[in-house]
Amino acid sequence: MRVEERLPDEGQRVLVGFLYYYKYDDREAESRKHIDIFTYENGIWTTDSDISYLGRNVQKDDIKVICWMPIPSFDEILEANRDVLERIKEKVD
């Protein structure tokens, strides 16, 4: 989901796509896209290593989160792939 459309719920841990964003005196530059897991709370994106970044306000040497998605639970993954698991089970039997 694009950040411009909707932000995660407060305290929600999500998978994000982001760019490192650099501001120089005469130009701006963005890195290639990176993916990581962040928690969004009070307008701040925090990594599992407790590194925090501002939300939409991009500062020098900060990041720009461009998209995110909820992390499915193990049960949701199993349910979504139940048909695949059944086919594997049938081949084993």
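The dialogue below walks through the features of one predicted model.

Visitor: What share of the contacts joins residues 24 or more positions apart?
Guide: Contact means heavy atoms within 4.5 Å. Among the contacts in the chain with a separation of 6 or more, 58% are between residues 24 or more positions apart.

Visitor: Which residues form the largest nonpolar core?
Guide: A nonpolar core is a set of buried Ala, Val, Leu, Ile, Met, Phe, Trp, Tyr and Cys residues joined through side-chain atoms within 4.5 Å. The largest one here has eleven residues, namely Val3, Val14, Val16, Phe18, Phe38, Tyr40, Trp45, Tyr53, Ile63, Val65 and Trp68. Strand 1 (12-23), strand 2 (28-41) and strand 5 (62-70) are the elements that give two or more residues to this core. As one of its members, Val14 is in contact, leaving aside its neighbours within four places in sequence, with Pro8, Asp36, Ile37, Phe38, Trp45, Trp68, Met69, Pro70 and Ile71.

Visitor: Is Thr47 buried or exposed, and which residues is Thr47 in contact with?
Guide: Thr47, found in strand 3 (residues 44-47), counts as buried because its relative accessibility is 10%. Leaving aside neighbours within four places in sequence, Thr47 is in contact with Asp36, Ile37, Phe38 and Tyr53.

Visitor: How many aromatic pairs does the structure hold?
Guide: A pair of aromatic rings is described by the distance of the centres and the angle of the planes. Rings of Phe, Tyr and Trp (its six-membered ring) pair if their centres lie within 6.5 Å, and planes under 30 degrees apart count as stacked, over 60 as edge-to-face and the rest as tilted. The structure holds three such pairs. In one of them, the rings of Phe38 and Trp45 have their centres 6.4 Å apart and their planes at 55 degrees, so the pair is tilted; both Phe38 and Trp45 are buried. Tyr40 and Trp45 form another tilted pair, at 4.7 Å centre to centre with 55 degrees between the planes, and both Tyr40 and Trp45 are buried. Ring pairs link Phe18, Phe38, Tyr40 and Trp45 into a cluster.

Visitor: How many salt bridges does the structure hold?
Guide: Side chains of opposite charge can pair when their charged atoms come close. A salt bridge is a side-chain nitrogen of Lys or Arg within 4 Å of a carboxyl oxygen of Asp or Glu, and the structure holds five. Among them, Arg2 and Glu4 meet at 3.1 Å, N to O, where Arg2 is partly exposed at 47% relative accessibility and Glu4 is exposed at 53%. Asp9 and Arg6 form a salt bridge at 3.9 Å, N to O, while Glu79 and Arg82 form one whose closest N and O atoms are 2.9 Å apart. Glu79 is partly exposed, with a relative accessible area of 48%, and Arg82 is likewise partly exposed, at 44%.

Visitor: Which residues form the nonpolar patch on the surface?
Guide: Patches are made of residues with over 30% relative accessible area and no salt bridge, with like charges joined within 9 Å and nonpolar side chains (Val, Leu, Ile, Met, Phe, Trp, Tyr) within 5 Å. Here Phe74, Leu78, Val84, Leu85, Ile88 and Val92 form a nonpolar patch, with about 560 Å² of accessible area together. Helix 1 (74-80) and helix 2 (82-92) are the elements that give two or more residues to the patch, and helix 2 gives the most, with four residues. Phe74, placed in helix 1, is exposed, with a relative accessible area of 58%.

Methods:
Residues numbered from 1 in each chain as written. Predicted model: local features only at pLDDT ≥ 70, side-chain atom pairs only at ≥ 80, totals over all residues. Heavy atoms only, no water. Areas by Shrake-Rupley, 256 points an atom, 1.4 Å probe, with all protein chains shown as cover. Buried < 20%, exposed > 50% of the residue type's maximum accessible area, 1.4 Å probe, protein only.
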